[in-house]
Amino acid sequence: TGYFTYDPAFTSTASCESQITYIDGDKGVLLHRGYPIEQLATDSDFPEVCYLLLHGELPSAEEKEQFTRDITYHTMVHEQVSTFYRGFRRDAHPMAILCGVTGALSSFYHDSTDITDPVQRMIASHRLIAKMPTLAAMAYKYSVGQPFVYPRNDLSYAQNFLHLMFSVPAEPYTINPVLCRAIDRIFILHADHEQNASSSTVRLAGSSGANPFACIAAGIASLWGPAHGGANEAVLKMLTQIGRPERIPEFIERAKNKDDPFRLMGFGHRVYKNFDPRAQVLRKTCHEVLGELGITNEPLLDIAMELERIALEDEYFIERKLYPNVDFYSGIIFKAIGIPVSMFTVLFAIARTAGWIAQWKEMIESPDMKIGRPRQLYTGRPQRDYVPLDRRN
Ligand code: CMC
């Protein structure tokens with residue numbers, strides 16, 4: 001049946017052509033449409049980065065205004081969606097809820113499931129970027145027994161997210177601009193990362209012609225794992241488990257021990273072998289946020305910084321080029337803002353929706369789009385004859 005290459009875990013296979021994101025893992029470079037992530041994180045804002053990912057260029061002032069209108073137009077969800085939430089257990093993990101409700105959007109917005117219509121493809125993109133904060137915050141509100149909060153279109157994307165999370169009918173949330181900027185920056189830093197597991201999942205699901213809501217739900221499922229987006233939650237749990245700096249060497253030894261499944265969460269990356277530029281921005285943001293909140297003593301930050309210092313001097317981590325990744329510092333920022341640990345990966349999903357949908361659109365609009373169909377190396381039994389039940393032993 002011909003030859004094909006065997007590349008388990010796709011360590012050296014390019015699955016597509018893309019013009020969206022460029023990574024040079026050896027040099028720690030990450031560019032979106034050519035723009036360095038450090039510049040975007042400092043000077044841009046998340047909606048602008050969404051526009052850039054989707055359209056290929058930064059928007060003009062007029063385009064930016066129109067894009068903001070396009071997004072805010074879609075921030076509400078169909079009222080019936082709220083009854084969908086009420087079917088979940090109150091202690092359900094918000095990623096489980098997000099996965100379910102995002103997939104269910106295709107049953108609410110039939111018009112945008114027509115992937116052959118470019119106008120509907122764009123509306124689906126706007127709907128997903130706009131509704132994700134609403135859906136995410138509803139999962140949180142449901143878990144704490146508070147009423148769902150409606151989005152406010154006079155607020156920015158990040159402000160609106162904080163409002164959805166923390167306002168209650170009795171009292172609107174007072175939005176701190178430094179915290180808001182931190183959330184916006186985290187959204188920018190997580191917006192896209194070329195062919196990671198979840199983006200590849202979205203592409204593979206979409207290659208069959210599945211509708212965009214179903215594809216993004218598939219991406220959310222893939223993101224949830226601790227080796228991918230679930231790492232931000234796992235980092236905070238690990239830092240809490242370490243508890244005090246004196247116990248760090250014990251955990252470093254465990255991470256190095258091949259008989260122990262424990263890994264340093266928030267460390268290592270398939271592509272970055274020098275440093276993760278996103279982690280560097282986040283380390284700075286982390287100090288800014290704690291400073292703004294007047295948190296002078298955050299034991300988890302002390303443990304994180306000491307863990308990073310010890311690991312970066314350890315031969316095991318040096319040899320294997322293991323550095324802190326984007327998930328290492330984000331959790332400490334989220335915790336300081338008051339976001340519960342179970343919501344960490346949900347925030348990653350909100351941001352990555354921009355990259356997923358941009359990549360889905362790029363794939364659908366590519367002239368040589370084909371269904372993705374990896375091959376395998378069969379290592380099972382050769383052909384043999386069926387054995388009737390009374391003759392099996
Ligand atoms: N702690 C201890 N050892 C590690 C770690 C770690 N965090 N990461 C990799 N190694 C070791 C691994 O055991 C292997 O050693 P050896 O060559 O002796 O067998 C070597 O480093 C190479 O690791 P690998 O598993 O072959 O590398 P990979 O490219 O398949 O995995 C990774 C990349 C990110 C899944 C992995 O580094 C990891 O599990 N890190 C912890 C989870 C994490 O932080 N994930 C977030 C990734 S960044 C954001 C995102 O994608 O969502």
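**A walk around the ligand shell and a helix pair**

Start with the ligand: its shell holds eleven nonpolar, six polar and five charged residues (Ala, Val, Leu, Ile, Met, Phe, Trp, Tyr, Cys and Pro count as nonpolar, Asp, Glu, Lys and Arg as charged, and the others, Gly among them, as polar). Before going on, keep in mind that this is a predicted model, where local features need pLDDT of at least 70, side-chain atom pairs count only at pLDDT 80 or more, and totals for chains, interfaces and linings use all residues. Numbering runs from 1 along each chain as its sequence is written, and side-chain values use heavy atoms, with hydrogens and water left out.

Now select His228, Lys258, Leu264, Gly266 and Arg270, the closest of the 22 residues surrounding the ligand (a heavy atom within 4 Å).

Zoom in on Lys258: a side-chain N or O atom there sits 2.8 Å from a ligand oxygen. Next, click Leu264, where a polar backbone atom is 2.7 Å from a ligand nitrogen. Then try Phe267, with a backbone N or O atom 2.9 Å from a nitrogen of the ligand.

Next stop: helices α8 (residues 177-189) and α16 (residues 327-337), which pack at about 145° with axes 11 Å apart (axes are lines fitted to C-alpha atoms over the stretch in contact, and angles run from 0 to 180 degrees between N-to-C directions; helices are DSSP runs of H or I, at least four residues, numbered from the N terminus). Show Leu179, Ala182, Ile183 and Ile186 on α8, plus Ile333, Phe334 and Ile337 on α16, to see the contact (heavy atoms within 4.5 Å).

Note on methods
A polar contact is a pair of N or O atoms within 3.5 Å; within protein, one must be able to donate a hydrogen and the other to accept it, and residues adjacent in sequence count only if both atoms are side-chain atoms. Helices (H or I, at least four residues) and strands (E, at least two) are DSSP runs, numbered from the N terminus.
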